[in-house]
Structures are given as structure tokens and as C-alpha cells.
Amino acid sequence: MRIRTLTIAGFGPYRDEQVVDFDRFATDGIFLITGKTGAGKSSILDAICFALYSSVPRYDGTQSKLRSDHCRVDDPSFVELEFSAGGCDYRVRRVPEYERPKKRGEGVAKQAHEASLSVRVTVAGGTVAGEDAWRVLAAKPVHVADELSRIVGLTKDQFLQVVLLAQNRFQEFLLAKNDERQGVLRTLFGSKRFERLEAALDDRRKLVQASLASADEVFAHHVAQIARLLDLEEAPARPDAGWFAAALAGLAEQHSTAKTAAEAADLRFGVADMELRGLLDVRTLQQRRLVAATTLDQLAAQQHEIADARATVEAARRAAPVWPLIGALRTTTTALDAAKTTETAARTAYEPLGDVALVDETIDELSARLGTLADVLAQEKLLPRLDASIAQLTTKRATIDADLTEATELGAALPERLELLNGQITTTAVLAGRADSASATLTRVTAARTAAASAVTLARSLDEATVAHVVASTAHTAAAVAHDELLLRRLSGHAAELAAQLTEGAPCAVCGSTAHPAPATGDGEPVTPADLEAARATIDSRRGETETALALVGDLTTRLAEARARADGKSVEQLDGQLETATHEVHICRTAVRELDELESARRAVREALEQLATTLAGLRDARDEASAALTDAVTRRSGIATRIETHRGDAPSVSARVRVIEAHLAAARALTFALAETRSRQVAHDLARATLERELVEQGFDDVPDAERARLSPSAVNELEALIRRHDEKAATAVATLEESGMAEVPDEPIDVEPARTLREAELEHRDAAFAAATTLSDRLDQLRVVIAKATEHQEATGQRRAEFEQLRQLANVVRGEEPNTRRMRLETFVLAAQLEEIVAAANTRLRAMSGGRYALEHDDALQYRRASSGLGLAIRDEHTGRTRATHSLSGGETFLASLALALGLAEVVTNQAGGITLDTLFVDEGFGSLDADTLETAMSTLDGLRQGGRTIGLISHVEAMKEQIPAKLRITVSPQGHSSISESYELV
């Protein structure tokens, strides 16, 4: 990383814009930043740190004070830094947070923190000039921080320890603790992978440990099941095969005994059950005979009641056809009374109007009079419509006059509108022309964002596939071990297998002897070829699973690399910022395209309006003339109708009023005529209903209407009486049939007592169920015991190899983590970083020995720390005058400065020389040289001067006059009479 250019404005003591071109000092390699105390020398380093990390170490917690107190109201405040890293040039610009006057109204408003990051665009055949040379990577502070973290590769604290050695922080790396120094070295040398290796190893150990714990839990569960099946309060923690066999034999014997007892109990229950059933049948016949006799006695007592019910039902049936005629008579009587009432009312209403006897002639005369007035009445009804038409025509003429005025004004305004649209179309067309380019950018960024999201998912899948591969590999190893154990048992059991095939008197297949004095015997179940074949099949299956998992890991690794390449190495968050910018640009361009169409449509509409304006004006004038003529005609017609109405209305206020009087007289006459006819009709119907009812009463045998009404019953009441009669008859028939059944006469009269037989049966049933339940329970327990013992034995045999594997993994994981048996408590990552630290110490000592006249040398200390804290990255100082090593904290101020400077230079050298590491091409040292004597200062300056051969640029801040005399390249900080500072460059010795 190389710092190239710094631009400051309104920051710290600098009010006006200041530009520092560090590339101008690249040839000299060393330059001095000089000026009075408080002029702003350290503020240059503050500005670099603020640009990269949005923070200033000297003012932590008070960043709001970064704006210069010398700034005027409208003066800007910003820091802009150009630097190169990884072969690319970058520019970061930040505006600090501060309070500014409100743009509207009084008071102050907060200026928010702003940040942007750009990268220089490179093209074939030359460079791009101006602002077009920079492409924005991020435009929000959070996105800028993410991008800078990826590009720079150092945290703020690490940057201050190896690049920007500010006041009071210069010696922190020298005096840092083991963990703090490890954090810096981890980032610089990319040792995070060893931590991941440690985690993977620990995960594998935990996986095997969990598998063993699960197996132990299963075995303990099986033993507990066996104890419950045997009704034992406790069982051995690790029972052997003999204990299992004895338990199985004892439970089998209990089951055999219980089964025999259950069969005997079932036979006794069958005999008791048959005896009880016979007694119950006899008692049932006795109960049925008693019920039938009782029923007949009860039915005989109900005979009189049933006879009355039969007579009531018969009378109700005769009254049924009479009842509708009674209702008809009542209906006609009511209708006749109503007709007579209506007739009386009609007579009363008509008598004041005329003679009732002449009502028919009056109706004819009134109808003729209404016919004469019908035409005049129709014309009178036209008057409101004529009045409305006159008002409408008057309004229409006024509207046309207003439209004429508006059209005339529009004719004057349309040319100005057309000119305005032409200007808007020109501006919008420029934005619309960029739509295709913006869409292409959006498509590219969207594809990259999709690839970045896919990379996140693929990374997670790769981690899962890696774990799956480890599990599959472990299972394959276990299967191979199991096969080897079976093969060994097979070979060791060959002698017993051959001995089992020997026959007395037959020759041995091995030695040929017919005598077999001591045949070999086997301790356990022999291993068969089928067992070996099954074990080999398991190995093949596990090998296939391992190869499949490995192939998946390879495939995911390839796909992950491709996805990251498509994402251009950017994260989802970074691409989200670019996507937001591209989307906004596309939205602006597409909006311009839509607005362009709308503007062109509007322009066409204006032109068409101009063309149609003359035609519209002519049409409006013609319409006004037509409306005036129609208005005159309507006024004339209304005057004629009013004259005719005046002639025909007579004494009435209007023709309509006269017609209403005639119509009321005519309605009363017609109502009287209708009422007279209705009374005559209702009287005829009433007389017919009375005669019909009287004939039906005689036919059904009733004396009068009340007699028939008393006999009438509702249908539901008739149904209830008929149901009562039917139930009586059915019960009598059933009881008689029961008493006449075959065998009923032989049933004894004395009641049968079945309780003794029932008690005996229930006792035998209880004994039988208990015996069968005991036998069934023992059978189930025996079956479960066989299964559980088989599973327990299998688990016990399968965990031996796994325990040995776990012990190896545990010890290896402990060693890698720096735990027992690792007596130095040094982790794997620390061990690797310790080697890097040794190189840093070696590079630092080359300069420290020269600067200290051979007295001091740094030593790497990997001894176990106090209270067994983590070790491996300690530093100590060796004093050649005493030949002893002591802590770095014991050095004096000047000695600490020399050691820290040597260590910082050594660190930068080793990091730069590491393949793929971070290059540190710029170094700043803020003060500390004043603590050195003249000779030591000369030596330190010689050491720094030697660094120029590596291409580094070193900036020094110091008040020491001797350094001003030795370093020609200077940045001078001067303070104006007003108090603000400025920066100038010079190349002369002082």
C-alpha cells in the first residue's frame, strides 16, 4: 500500500484547501514534516487515518470537532486521499459530521457524515482524464468501510502499529500482549486458515465423542430395559454375555410355568360358564310367562275406556265432511256484511252530488265532458316543459357566448404552449438517450449480485459438504476396521471349524490321522464367509459414500470459485450499493422515456388544437344563431297555449282543477254502482251456503251446527285415539301368543336362583384372565428381552474401535489447541505465527544492533507465561553488556523508541517480502527522535536512509534540528496571523 496524494480543507488547523503530493518524495524516499508546535504536523496523519477509517486516534469520541474552528459559514470541510493497493489506484473522500447554519430559517442543522470510494479506470492504449478517470465503488459510509477493509486489509489499530506510527502509539507492538500481537500478525500473514483447521479437527473430535456418547446412552438404555424386564432394582454397569444368557434362561422358565397354569384355568372356566347359561335360560322363560299374564289382566281393566274411544273416533269421522260447510257459511256471512257496509258508505258519499236513481245517466254525461277537455288539458301540461326549454335555450346561448370568448383566448395562448413543449422535449430527449446504457449497467450489476448471493449459499453448502465428507470418511475407516476384525476372527477360528468337521475313524483333512485326541474348540460364534462378504459390502458402500461426498466438495468448490468470479470478488453488501445506484439511474432514464412520449403527445395535441381552432370558432357562431332562433319559436308557442287555457278553464283556477272536480264526481258515481252490484252477488252466495250445510247435517245425523262442532276432533287427536286402540289390540294378541308357546307349560313355578352359579363363573373367569395375562406378559417380556440383549451385545462390540479413534482425536485436538499434553500451551496458529515473528525479530535486529551499537537485540520468547496464559508470541530484549535477557518494558524512552522503530521496520519488511502478503510502501513516524543522543540519532537516520532502496517512502515528524539539516525534502507547516495553517513543499537543507 502506498499513500499518493492527500487533500485537506476545513479540517483541524487547516481552513483553506491544502494538497500534499507524496509521490514527489518517492525519489528521495525520506521527507520531514516540520513546523511549530501546534501548527498541525500530526493533523496530516490524522487526516490519513480519518480518510481510511473514519476515526482519529487522538480525538476518539470527539469526531464532531474535526471541522476547523477557523472555517467560515460557507467553507467546506473534507479529506480526500489517493492511494494504491493491489495494483489499483483508489480515491476516498470523507466529509466529517459538524453543525452548520440551516439553509432556511434560523438556527443550526447537523451536516451528516458523508463518504465515497472510487477506483481509477484503466483502458488499453492510454489513460482517462478528469473525473471520468474514476469509477465509484461505494457512496455510503458503511459500504465505503466494507470496501476499504477488503482493499487495505488492516484494521485501524493494526494500521497504526505498522504504517502510521502516531504519538503515544509508536511502541504498542513492541509492548503488546500475546493476544494483541497475535491479532496483528494473523491479519498480516493470513493465518486464519490454521484456526479453521483447528476448528475442523475439534468438530471431528466432537462428532466422534457425540457418537460414542450416543452409543453409551443406547447401551445403558438397553441394560435399563433388561433390568425392568427382569424386575431388578439395579443391573451391572457393564454386564457380560453370561449374565445376558442367565437372564434369558430364567425368564423362559417362568413363561413355561405360567403358560401351563393358564391352560388349566381356561378349562375350569368353560365348565362353570355352561352351567350358568342353562339356569339363565329357564329363568328367562319364567319371567316372560309372568309378564304375559300381568299384561292380560291390565288390558281387561281398560275395556270400557277403549270402547269410549272407538265411539269418539266414529263421531269425529262423521263430523269431518260437515266442518268445511260450516266454514263456508261463516265466510259468505262475513263477505255479505262487508258489501252492505261498502254500499252504505258509497250512498252517503254520492247523495250530496246527485240523485241515486239517475246514477247511470250521470256517469255518461260526465265521461263526455272529460273528453271535451282532454286536448286543452294536454296543452296545459306542456307549459312547464316549454318554460324549461326557454330557460335551457337561454342558458345554452350564454354558454356558447362564453365558449366563443374562451376559444378566442385559447387561440392566443397555444403558440406559447407549443414553444414551451419544444424546449422540454429537447431536455428530456438527452436523458432518454442514456436509457440503454443504464439498463446494461443494471443488468451487469444484477448478475454480479445474483452471483454474490449464490456464492454465500455455496460457501455454506461447501462447509456442510466438508463435514459430510469427514463423517463418510470416518464411517469408511470404521467399516474397514470391522472387516479386518472379522477376517482375523475367521483365521483364528479355522482350527475349531476344521475340528467340527472331524468324524471318529475318518482321516483328518490336514494331517491324515484317524485319531483325534484333542480337537480344537472355539470361544465364540464362528465367522462365516457370508459375514465377511457382508463386511466387504459395507466397505464398498462406505467407500462410495465417501467418494460421492468428496465429489460434491470438489463440485461446490468449483462452483463457488465461478460464482465469486462472476461477482468480481465483491460481497452482496457492496453490490447492493452499486445495484441501488444503477436502479436509480435506470429509473431516471426510463422516466425520461415515458415523459418524452407524453411531451411529444402533448405537442401533437397543441398542433392539432391550432388546426381545429378556426373550425371550432365557426361552429360556435352557428350554434349561437340556432339557439337564438329556437328561443324565439318557444316563446311564441307558449303565448298561444296560454290564451286557449284561459278560454276553457271556466270558474276553476285552471283546466287541471276543473278536470279534477269532474273526475271526483265520476268516481263517486262509479263507486256507488259497483257497491250495489257487489251486495247483490254476496247475498246469492250466502243463501246457497246455508242450504248446502242444512242438507249435510241431516245426512250425517247431526241435529244442528253446535252438535256437529261438539263431535269434531282435530286430525292429531283422532290419530292419538286410533293409536291407543291399536296398541291395546296388539298387546292383547302378543300376551296370548306368549302363553300359548311350546314348552311354556313345562316351566317350573318356583323361581330359579342363578347367583351361586354366577359367582362361581366370575371367580373362574378372573382366575383364567389373570393366568393368561401373566403368561402373555411373560411372553412379551421374553421376546423383548431377546431383542434388547441382541442389540446390547451388538452395541458393546461395535464401540471398541471407535473409542480408540476418539482418544487419538482428543489428544491431537488438545495439542493443536495448546492444551494437555501440549506443555507449552502453544496453539497451531500461534506456532505458525511464532515462526513469522522470528523472521520479524531477525529483520528488526539487523537494524537494532546497528542503531544501539551492538548492545541490544530482540529475542522471540515462547516460554510458558504467568498463570499458564497463552504463549508463543512474546518479545524480550537481550543486553549484550550484561549478557541477560529482560522485559521490553524495562527499556528507557530512547531505547524503547529505537527498539520500536526497528521492530516496525522489520515487520514492514517481512510482510512485504511474503508472497501474496500486504505491501507496505509508505511509513510515517510521529516524534520520538528527540529522546536520542546525537550519535544514536545519526545511526537511526542511516538505518532509515537504507530503506529507500526497497522503494519505500518514509515521512518523519520531528523538531530535532539535526534532522532538518540532514533531510532536504520537507513539508513545512506555517501558521498565518489569523491562526489557521498552510502546507508547502521545499527541497533545501536548513
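Colleague: Which residue forms a salt bridge with E678, and how far apart are the closest N and O atoms?

Modeller: Side chains of opposite charge can pair when their charged atoms come close. In this predicted model, the partner of E678 is R682, with 2.8 Å between the closest N and O atoms.

Colleague: How should I read the salt bridge of R758 with E755?

Modeller: Start with the distance: the closest N and O atoms are 3.6 Å apart. A salt bridge here requires the nitrogen to be within 4 Å of the carboxyl oxygen, so the pair counts. Then look at the position in the chain. R758 and E755 are three residues apart in helix α18 (residues 755-798), so about one helical turn separates them. R758 has 26% relative accessibility and counts as partly exposed; E755 is partly exposed too, at 41%.

Colleague: How many salt bridges are found in the whole structure?

Modeller: The search gives 34. One of them joins the side chains of E722 and R317, at 2.5 Å from N to O. This pair links distant parts of the chain, 405 residues apart: E722 is in helix α17 (residues 715-739) and R317 in helix α8 (residues 303-319).

Colleague: Are E722 and R317 exposed or partly exposed?

Modeller: E722 is partly exposed, with a relative accessible area of 25%. R317 is exposed, because its value is 54% and the exposed class begins over 50%.

Colleague: Turning to helix packing, at what angle do the axes of α2 and α14 cross?

Modeller: The angle is roughly 135°, and the axes of helix α2 (residues 141-152) and helix α14 (residues 572-648) come within 10 Å. That angle makes α2 oblique to α14. Their crossing is left-handed.

Colleague: Which residues make the nonpolar surface patch of about 220 Å²?

Modeller: L207, V467 and V471 make the patch. V471 is located in helix α11 (residues 435-492). With a relative accessible area of 36%, V471 is partly exposed. A patch residue needs over 30%, so V471 passes that cut-off.

Notes: Residues numbered from 1 in each chain as written. Predicted model: local features only at pLDDT ≥ 70, side-chain atom pairs only at ≥ 80, totals over all residues. Heavy atoms only, no water. Patch = residues over 30% accessible without salt bridge, like charges linked within 9 Å, V, L, I, M, F, W, Y side chains within 5 Å. Areas by Shrake-Rupley, 256 points an atom, 1.4 Å probe, with all protein chains shown as cover. Helix = DSSP H or I, 4+ residues; strand = E, 2+ residues; numbered from the N terminus. Buried < 20%, exposed > 50% of the residue type's maximum accessible area, 1.4 Å probe, protein only. Axes fitted to C-alpha atoms, helices over the stretch in contact; angles between N-to-C directions. Parallel < 35°, antiparallel > 145°, perpendicular 65-115°, else oblique. Left-handed = near helix turned anticlockwise from the far one by under 90°.
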